[in-house]
Amino acid sequence: MQLINYGIMGAAQIAPRFIAGLREAGAAQVLAIGTRNLSRTQKFAHANQIPRAYGSYAELVADPDLDVIYIPLYNGGHYAGAKLAINHGKSVLLEKPFTLTLDQAQNLFTLAQQHQVTLMAAQKAVFLALTQKIKQLLQQGAIGEVSWIDAQSYHPGGTKIAWFQDITAGGGAFHGSAVYPLDYIQYLLAQRFTSYHGLCQRQAPAADQQSDVILQTEKNILVHLFITAKTPLPSRMIIYGSHGKIVIPDYWKASNATLYDNTGHATSLQVTQNSEFVFEIQHFNQLWSQHQLTSPVMTPTLTCHTVAIIEDLYRQWTTSI
């Protein structure tokens with residue numbers, strides 16, 4: 001079987017981990033990488049055993065041998081990078097946050113449909129083997145009726161990057177990390193969020209360092225999200241039900257969780273995984289091979305709804321200060 005040829009647009013910190021996951025997933029290879037600095041690209045390509053190196057994104061997407069472009073650019077560059085790739089007939093796996101606005105997200109899906117290429121948000125959390133196990137347990141009523149979900153995430157890495165301080169560039173803790181719990185919870189519950197409000201901690205014009213948001217699903221389940229790049233705390237999600245709870249540490253990449261019943265009895269939930277990227281890559285490769293333009297899991301509807309929530313909250317936050 002012919003390998004799917006990937007190109008990588010940008011040499012972000014996440015890229016080597018993605019490459020390792022892609023090689024573990026099989027059925028594909030990284031054939032090329034492009035950045036805006038040829039010397040940097042060549043060093044990255046050599047370090048990660050990538051055959052072709054380009055000094056511009058335009059050269060990358062013009063490579064006729066590439067099937068898919070994986071885009072881990074800075075948040076504000078996602079839309080332009082994906083649009084460039086799609087317009088050159090490339091399928092795109094686009095890192096989170098998908099785009100900064102709903103209009104941008106809708107435009108990309110429309111463009112991908114016009115060019116008959118596959119487009120999906122790179123949301124590894126929903127494809128994890130542990131996520132499938134937890135979703136099945138919830139459907140089976142293992143903790144009874146779900147009533148409340150409490151999630152907190154600590155992601156300090158972005159604070160050292162200049163653009164992280166600029167909201168217009170997609171900076172801020174909520175821009176960077178809220179996609180994980182928003183997508184994850186909607187996928188687990190098969191419910192959309194219908195209302196939300198919250199606060200962020202920022203001093204204009206700097207981006208937010210942390211935010212606190214309450215949401216409600218269409219079946220009246222309450223969700224609490226605390227996202228921080230400032231306060232060291234354990235990252236975890238707790239799903240509360242009438243008969244117990246499920247505690248998931250580092251839920252966006254987890255391989256283990258614990259189910260507690262109302263007596264406090266604990267049941268360990270574990271799966272085996274090396275790279276948390278493998279499952280989303282395998283799913284995307286299958287979509288591409290079958291010429292499916294969108295994912296039935298990370299659907300355009302789910303992606304766009306999450307983008308709309310984040311955009312709306314930032315609109316509220318930036319106009320209130």
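A residue is buried when its relative accessible area is under 20%, exposed when over 50%, and partly exposed in between, using a 1.4 Å probe and protein chains only. By that rule Cys 200 is buried, because its relative accessible area is 17%. This is a predicted model, in which local features need pLDDT of at least 70, side-chain atom pairs count only at pLDDT 80 or more, and totals for chains, interfaces and linings use all residues. Residues are numbered from 1 along each chain as its sequence is written, and side-chain values use heavy atoms, with hydrogens and water left out.

**Cysteines**
- Cys 304 is also buried, at 11% relative accessibility.
- A disulfide is a pair of cysteine sulfur atoms within 2.5 Å. The count by this rule is zero.

**The sheet**
- Helices (H or I, at least four residues) and strands (E, at least two) are DSSP runs, numbered from the N terminus. Two strands pair if DSSP finds at least two bridges between them.
- Eight strands form an open sheet with mixed pairing, in the order β8-β9-β10-β7-β11-β12-β13-β14.
- Its edge strands, β8 (193-201) and β14 (266-270), each pair on one side only.
- From one strand to the next, the twist averages 15°. Axes here are lines fitted to C-alpha atoms, for helices over the stretch in contact, and angles run from 0 to 180 degrees between N-to-C directions.
- In a regular strand, side chains alternate between the two faces of the sheet.

**Strand β11 and its neighbors**
- Why is strand β11 (residues 236-241) largely enclosed by the rest of the structure? Five of its six residues are buried.
- On one pairing, β11 meets strand β7 (residues 146-154) in the antiparallel sense over six bridges. Here Arg 236 of β11 stands opposite Gln 152.
- β11 also pairs with strand β12 (residues 244-249), again antiparallel and over six bridges. Arg 236 stands opposite Pro 249 in β12.
- The link from β11 to β12 is a hairpin of two residues.

**Strands β9 and β10, and the helices**
- Strand β9 (residues 210-217) pairs with strand β10 (residues 222-228) in the antiparallel sense, over seven bridges. Asp 212 has Phe 226 in β10 as its bridge partner.
- Helix α8 (residues 179-189) packs on the sheet and touches β7, β8, β9, β10, β11 and β12. Contact means heavy atoms within 4.5 Å. The direction of α8 makes about 155° with that of β10.
- Helix α10 (residues 300-319) lies across β8 and β9. This helix runs at about 40° to β8.
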